[in-house]
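Dear colleague,

I am handing over the structure below, and my notes on it follow. Please read them with the model open beside you.

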Amino acid sequence: MWVTCRTRMKRKSQDESRLPDNTAVKQQQLPAFRLQLSANEILSGFFATGVFCLGMGIILLLSAKSISEVEINYTEKCASCAKLREDATHFDKECNCSISFYLPQKMEGNVYLYYKLYGFYQNLYRYILSRSNIQLVGTDLKDVRNCAPFKTSENGLPIAPCGAIANSIFNDTIVLLYNFNSSTHIKVPMVSSETAWWTDKYVKFQNPTYQNLSSAFAGTAKPPNWPKPVYELDEEDPGNNGFINDDFIVWMRTAAFPTFKKLYRRLHRIGNFTEGLPAGSYSFIINYNFPVSRFQGQKAVVLSTLTWSGGSSLFLGLAYLVTGAVTLLASFSMMAIHLKLKERKTFFLQ
Amino acid sequence: MALCAKKRPPAPVPPRGAAPSEPLRPRTDRQTARPSPAQTGIMTVPKEMPEKWARAGAPPSWSRKKPSWGTEEERRARANDREYNEKFQYASNCIKTSKYNILTFLPVNLFEQFQEVANTYFLFLLILQLIPQISSLSWFTTIVPLVLVLTITAVKDATDDYFRHKSDNQVNNRQSQVLINGILQQEQWMNVCVGDIIKLENNQFVAADLLLLSSSEPHGLCYIETAELDGETNMKVRQAIPVTSELGDISKLAKFDGEVICEPPNNKLDKFSGTLYWKENKFPLSNQNMLLRGCVLRNTEWCFGLVIFAGPDTKLMQNSGRTKFKRTSIDRLMNTLVLWIFGFLVCMGVILAIGNAIWEHEVGTRFQVYLPWDEAVDSAFFSGFLSFWSYIIILNTVVPISLYVSVEVIRLGHSYFINWDKKMFCMKKRTPAEARTTTLNEELGQVEYIFSDKTGTLTQNIMVFNKCSINGRSYGDVFDVLGHKAELGERPEPVDFSFNPLADKKFLFWDPTLLEAVKMGDPHTHEFFRLLSLCHTVMSEEKSEGELYYKAQSPDEGALVTAARNFGFVFRSRTPTTITVHEMGTAITYQLLAILDFNNIRKRMSVIVRNPEGKIRLYCKGADTILLDRLHHSTQELLNTTTDHLNEYAGEGLRTLVLAYKDLDEEYYEEWAGRRLQASLAQDSRDDRLASVYEEVESDMMLLGATAIEDKLQQGVPETIALLTLANIKIWVLTGDKQETAVNIGYSCKMLTDDMTEVFIVTGHTVLEVREELRKAREKMMDSSRAVGNGFTYQEKVSSSRLTSVLEAVAGEYALVINGHSLAHALEADMELEFLETACACKAVICCRVTPLQKAQVVELVKKYKKAVTLAIGDGANDVSMIKTAHIGVGISGQEGIQAVLASDYSFSQFKFLQRLLLVHGRWSYLRMCKFLCYFFYKNFAFTMVHFWFGFFCGFSAQTVYDQYFITLYNIVYTSLPVLAMGVFDQDVPEQRSMEYPKLYEPGQLNLLFNKREFFICIAQGIYTSVLMFFIPYGVFAEATRDDGTQLADYQSFAVTVATSLVIVVSVQIGLDTGYWTAINHFFIWGSLAVYFAILFAMHSNGLFDMFPNQFQFVGNAQNTLAQPTVWLTIVLTTVVCIMPVVAFRFLRLNLKPDLSDTVRYTQLVRKKQKAQHRCMRRVGRTGSRRSGYAFSHQEGFGELIMSGKNMRLSSLALSSFTTRSSSSWIESLRRKKSDSASSPSGGAEKPLKG
């Protein structure tokens, strides 16, 4: 109701300021690129993408083909051991199992030994959560907050390493023997170094700083499933013992899917094996500890070589191939439609 | 504020809507946005409507809570007795429109915010997340966005409230002069109490509702302007009751101890009843004695008033009614969709929960060696139940909280663009366009019906004396050198009136021949202008010698008297019995014998004057239809030519009047005057008797000529209407004006054209007549469509659809003109559909003589049945109801007060800006909002659904695919700004194009860009993307290893890969969706990608891990994963597969079914073609003729006022002999006449409405 006076006052003082600023932003006149893809651009883009995908697919398929891989599922082959392990009371009994196979062609270059689990859910929400990074970097061994349901042992000591992941570690030992002839079995030299990421080995996992590893872990309990405490994982190599044990680190990097393979050993290319694995007869000697039949899972050992892109599967190559083919097909049909319509509407696109 | 709180019990806070609300209002659904004081420069927002149409908006009254003791039943106020009045604890004159103070802000504001469903929903999620068994995400993934949203809203609310505090303070601290203890003291408004006597001076605002006690003017008269109150600009008269009008000086007033007992506070502006008890006498009080808060004192030096109602009790504040909350259709759709999505979310939750129960039963039980169940979980079923809630938490991002905030931010941006638009700035009035509501912008792009007021909206309400016909010769046409009629803009210099020192400089006339005729002394021309200078009810004011001001009742009359003034017949002054005119420089005083006043039935007015020579002459001006019948038969020939001229003028849309005179001889006059006196003294049927007496003398008159007045259209009105019509917007004119005027304006602004097949005029007075007329109109339209269309299509249409569609398909252009009284019938329940169908089939609809309530009813009718977006535009208080009813209300900030603007959602000062508001701003807003919503739903589905697919591979354990930080930041950091930039800045075609091709507006009306279908397409695209986003990396990762032989398929690498490809895919998609890449878009899109990678590497850095090992578990992940060629190949493949189909789809649509905007963008050729057409269309002028429109926006009753001399200063009356007419009751009779015609705003005689 006081408008009149106020506007009058305003009119005098703000006469000029009421005029909106003539700036590009305020007048919506910002210089801009108008995105208008012409038919030529779109079609050539499509062709280029198609060709790229097709080419990529072929390259990937070829390189995937060059990989040689051996996978041996030993769930059934070691049935007796599996049976033994089903009963948890026999945990202290050793069970070895030997699987022989014949390598028809030599595996050239670096050869990697994997273990592969089927149906093991390392990606369950509570499973992934069940670890203590604070403990694993060695700062506070007693920090087991997140480790439910494996926080403390029955007598109240904090478990180290705590949590479901650590507790369920894959603990079969796999040894590959090269059967030179029926009597000579050479143990194929394998190393476990560089099976984990550098950041894992040197940042994420640290042993508590103590002169003696076993005393460092004093006051903690071993995980219930483990036969021996963490500081006895590799007593020969102090750089591979405790939390920084490679097998342990590899296991702790949880898999995304219920079926996964994890790197176990790399071929140490010396002696007969500088070129890789020669063709011939081999056998795995497996110290069978990890029970899979309880959760109806399966396990396998895998020997594989690599290419430039890693041990890529056929999937990526095939996917590229299909995408490329479909894209090219689509570009042809789009061009056809476009050309046909162009006759009708000459004004359209120039 | 604090002050008044201390002194008085807390003033009742005005009802919710009463607070003048905020210009920036991101939350949509709490309360309608009303302008903030700061924005509008208005202190308190009066939102009132006269009672007669209050029904349309607010309920007529509401019970008001009294502080401390019950409802007030009557009010007692004793003058000059504060102690006595204080015990009633009336509200003080302090007003409070603010909502919070510093202490209450946080709790009250939070409480309000959590009344929002969305906020409560997120709070609920937050609580869910605190339950450890359910929690599947960290608490901060919900709390960070929630706090952000709450903070933004709170800051905005606080700012708004700050401005309200400021404006409250400013109003409350205004000074007024209060009589305290016999002395006039300056007091702040808020300290004025009921019972105080205050003094007002000229041009001051009235501080509270006052009882007028005395004034500087004779008889305790006082003039007020009520523009702020009811929007009427004409002055109103108030009069003190006689006993108090003598209390002229302070000492008398200080002794005044009368007590007023009156009705309790209410919102009825035109009613007041009370009684003054003084000196043992009772004096009845009425509204005529009241000065209401919000009025301005005019032409009165000072007056004294007794405060009756103060502050929140004043009628002004009581009228600050609630406004209906307006939502856009997109808002409603969005809410529905959010509900659907919520349903969808529950479905997904159920599926995954069932999956979880089955999985736990089949697999999980056996897997317990490695991962025993939680203590609380004892069965697979319970685990499934818990996982349902966990998945609800994880998947809640399909309805992200940022949606609502982003929508508001975008709307706010669009509102600012409207405020900033230079092309909607009116240079003349220096007013920019203003978006007073920020929540309706995209609806501007969907308008189908425009309801427009006429006066002040289409027309300027400025009358210009344009042409005249004198004694058979027409003046006023302008000819160029070759003798052709000159077009506008090619005119020569205007006529020079410098010979006349009293001429009005602003008056322009273009035909020099008329002035020549006057100078030559042509007697007819002189008589013509003499008539114009004598026959009127204008009052003159001469501030200094030669500086004349005319106070005319209606602009028409002012224009005519001013024309006479400039042509040398200057009306100088009048007394009740004389009129002084300067005729060509010599002052001549005529004796005014009688004014035969105007009324709606007579449609004419006359004066009888005696010139200095003693001859008595009657001068009459009036409507041609009436006057031409009352002419002397000797003028037949002149009559014919004049009629031709009249037709010509009317054809040009001018308002015409016929002028005539008649000489009376002395005896006849004496005898007639006697009969007139008798008639005026008659007790019963005084009006009828007077009318017949007038009728008798106004006969056998001599024709002088005719005047043509141009009701000046606002600039660019015909062009705007043409353009809007081309944009398929139907324009209905709803006016209180007369039918002829309305039709005239319809023609002059090209709504009606002579090319139209037929203009139906419905003027029936009874239900049956109206029904019959509507039926005939429909039949005619049907016949023609049957004749044009072939039988087959017609048959098909009849059989397949309702009547409406047949009518909509009619061939030919029709227009409907309907009268107010017919409309009353047409709007009844049983006929409204019939009316609507007929009206909608017409190209133009004009409703004349409608009341404000009817305006609102018509709008309501269209809203109800057509499901179309309606826009009402008007400038006056009578448009308020319609502005409030329509989806969008637009106020013209023009001459007629500020009512309409205050009720409106958008305001600007020129009708022509409407085209820019709709076709440019509205269209863009709609487009941007649709694109924004499509993309927003898409990106969130793509983001969230990945979890769903992952559920099948992780034992339905509610494991998320992404890192929790990614989930937190995805919506508020990584993807929010590019889409906001698109929503604010995007343009599909340049603004010039949307004016050139009004058809571009159509997608909005048809709701094509965002509807349920589009929504499902977006969702489908989102789900498609999510499928690829999950399964391609899955396929690759399942078997592959890294290039150093180690495992690739670890969970963290997978998470990073999926997240990275998601961010890239949605960025590419927004890149494709953004049609207008400004620097800001570039910055945001590239910036978002850069920020994503920066944050990714930072979060995965060793440093952060060293500090918080448990919080940043992904250490080293980014560099290890993103160094892998396989990962990049996967990301590229995912992007290609996600984007290519979209591009292909768009390409094909462009080729096969391009919409207009595509075509416009791509074709130069079509553009030129249409432009040419466009130009042709504009040139089409109107030729042809119709009957004249007589219009005279005049109220009767002023003749009597003038003759009584009551409105003249005593000084000017000194010489005049005061006629002793027995009518000190003039004011009553004026009021009675007014209230008779109150049902129509222009004072028409109209039956009161039903219902």
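Helices (H or I, at least four residues) and strands (E, at least two) are DSSP runs, numbered from the N terminus.

On one side, strand β31 of chain B (residues 869-874) pairs with β32(B) in the parallel sense over 4 bridges, where pairing requires that DSSP finds at least two bridges between two strands. Ile888(B) is the bridge partner of Leu871(B). Between β31(B) and β32(B) the chain passes through helix α29 (residues 880-885), and this β-α-β crossover is right-handed, that is, with the strands pointing away from the viewer, the path from the first strand over the helix to the second runs clockwise. β32(B) also pairs with strand β33 of chain B (residues 906-908), in the parallel sense over 3 bridges, and there Val890(B) stands opposite Tyr906(B).

**A sheet and a buried loop residue**

Chain B also holds an open sheet of 4 strands in the order β1-β8-β9-β10, with antiparallel pairing; its edge strands, β1 (75-78) and β10 (281-286), each pair on one side only. Within this sheet, β1(B) and β8(B) (residues 259-262) pair over 4 bridges, and Ala77(B) has Val260(B) as its bridge partner.

Thr1041(B) lies in the loop between α36 (1012-1039) and α37 (1051-1073) of chain B and, at 1% relative accessibility, counts as buried. Leaving aside residues up to four places away in sequence, Thr1041(B) touches residues of chain A, including Tyr114(A), Lys261(A) and Leu306(A), as well as Thr1046(B) and Leu1048(B), contact meaning heavy atoms within 4.5 Å.

**Confidence and conventions**

The mean pLDDT of chain B (the predictor's confidence in each residue, from 0 to 100) is 79, and 82% of its residues reach 70 or more. Over residues 1-69 of chain B the pLDDT is below 50, although this stretch has 216 contacts beyond near neighbours in sequence in the model. Where pLDDT is low, the predicted coordinates should not be read in detail. The predictor gives the complex an ipTM of 0.93 and a pTM of 0.80.

Residues are numbered from 1 along each chain as its sequence is written, and chains are lettered from A and ligands numbered from 1 in the order in which they are written. Local features need pLDDT of at least 70 and side-chain atom pairs count only at pLDDT 80 or more, whereas totals for chains, interfaces and linings use all residues; side-chain values use heavy atoms, with hydrogens and water left out.

Methods: Buried < 20%, exposed > 50% of the residue type's maximum accessible area, 1.4 Å probe, protein only.
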